Amino acid sequence: MTTGDAGNGAGDGTAYDLITMGRIGVDLYPLKTGVPLAEADTFGKFLGGSPANVAVAAARLGRRTAVISRTGADPFGAYLRDELREFGVDGRWVGEVARYPTPITFCEVFPPDRFPLYFYRLPKAPDLEIEPDEIDREAVRAARVFWMTGTGLSAEPSRAATLAALEARSKSGTTVFDLDWRPTLWDDGPPGPWYERALALATVAVGNTEECAVATGESEPYAAARALLAAGVELAVVKRGPEGVLAVHRDGTAVEVAPVPVTVVNGLGAGDAFGGALCHGLLAGWELERVLRYANAAGAIVASRLACSTAMPFAHEVEEVLDRAGAV
């Protein structure tokens, strides 16, 4: 395996605003909506993988971001590194694993609420081959926000590497655990013990009600938020789809924000846009309600577009949506 250029923080010695860790791959989406894969004959090729998309989303909003991941030693891997560079995301820690191909994900697009995903990550995804001793702990510790996902805990050595990164953080800055429950990507026992360890090391947890139930046993939003706080985080963010989002802070602050109305084209990237914008708002030190409204607007914009990474909005686009909603 080869890794990218060594180094701590950004090229000029400044710490990153955000480092994400986990999945990266190629998304292949039919260019027509409402068409099953068996009938689709034209596809768009995009950078994909939730942590990579979150880094892109935050970079679009002006943040200095980087990704820790792995690809295959193949043309798709080269494509992903080129795309990260084009998006302004530092890919120095996106190395190659020669024995596994770069993952590909297909989706079917049936608006407004059916978007089946088909993951091609066998025999194993390269992003699950990150070793603990390959983590640049100094850079991870220095980042203002570190973002990891549940899928990174699904197999070794990625699990040990993810926990090592969390331990290096030692709850410094903002450490986000994206619960990211993808049952088809788990084949190594139940996630509960590993989620429990990660929650104890994180400061923010983000997930939908199903993911919260997997992590805590609670699906009712307020009960899930309380359970996440009890597990160790300072801020619990529960995404409720058409019912909006709930956030509860350890200090007792609780905020509910309604979704931004939008004609949905493809809902798959909305959560990643939400995540990147959430990081942006937390970095800005905004009040919690403003952070959630901003993140909701970013997610709505991407839901109204076909792609994920290329659909991530710039700040002026988010502000325009908030202006129209009267929620600036």
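These legends describe close-up views of a predicted model.

**View 1. Helices α9 and α10 cross in contact.** Helix α9 spans residues 288-303, and helix α10 spans residues 315-325. Their axes come within 9 Å. The crossing angle is roughly 105 degrees. Angles of 65 to 115 degrees count as roughly perpendicular, and α9 and α10 are therefore roughly perpendicular to each other. From α9, the contact uses Arg293, Tyr294, Ala297, Ala298 and Ile301. From α10, Ala315, Glu317, Val318, Val321 and Leu322 take part. Eight of these contact residues are nonpolar and two are charged. None is polar.

**View 2. The largest nonpolar core holds 54 residues.** Val89, Val237, Leu292 and Val318 have the most contacts inside this core. Helix α9 gives the most to the core, with ten residues. A second, separate core has 38 residues. Among them are Leu153, Ala224, Ala236 and Leu246.

**View 3. Surroundings of leucine 292.** Neighbours within four places in sequence are left aside here.

**View 4. An open sheet of four strands.** The strand order is β3-β2-β6-β7, and the pairing is mixed. Strands β3 (43-48) and β7 (117-120) stand at the edges. Each has a single partner strand, so one side of each is left without a neighbour in the sheet. From one strand to the next, the twist averages 25 degrees.

**View 5. Strand β2 pairs with β3, and helix α2 packs on the sheet.** Strand β2 covers residues 25-30. Six bridges join β2 to β3 in the antiparallel sense. In one of the bridges, proline 30 has phenylalanine 43 of β3 as its partner. Helix α2 (residues 75-87) touches β2, β3 and β6 (104-107). The direction of α2 makes about 70 degrees with that of β3.

**View 6. Glycine 49 in the loop between β3 and α1.** Helix α1 covers 50-60. Is glycine 49 buried or exposed? Glycine 49 is buried, with a relative accessible area of 14%; the cut-off for buried is under 20%. Beyond neighbours within four places in sequence, glycine 49 is in contact with Arg23, Ile24, Gly25 and Asp27. Glutamate 218 is 169 residues from glycine 49 along the chain. The C-alpha atoms of these two residues are separated by 27 Å.

Note on methods
Residues are numbered from 1 along each chain as its sequence is written. This is a predicted model: local features need pLDDT of at least 70, side-chain atom pairs count only at pLDDT 80 or more; totals for chains, interfaces and linings use all residues. Side-chain values use heavy atoms; hydrogens and water are left out. Axes are lines fitted to C-alpha atoms, for helices over the stretch in contact, and angles run from 0 to 180 degrees between N-to-C directions. Helices (H or I, at least four residues) and strands (E, at least two) are DSSP runs, numbered from the N terminus. Angles under 35 degrees count as roughly parallel, over 145 as roughly antiparallel, 65 to 115 as roughly perpendicular and the rest as oblique. Contact means heavy atoms within 4.5 Å. Ala, Val, Leu, Ile, Met, Phe, Trp, Tyr, Cys and Pro count as nonpolar, Asp, Glu, Lys and Arg as charged, and the others, Gly among them, as polar. A nonpolar core is a set of buried Ala, Val, Leu, Ile, Met, Phe, Trp, Tyr and Cys residues joined through side-chain atoms within 4.5 Å. Buried means under 20% relative accessible area, exposed over 50%, partly exposed in between (1.4 Å probe, protein chains only). Two strands pair if DSSP finds at least two bridges between them.
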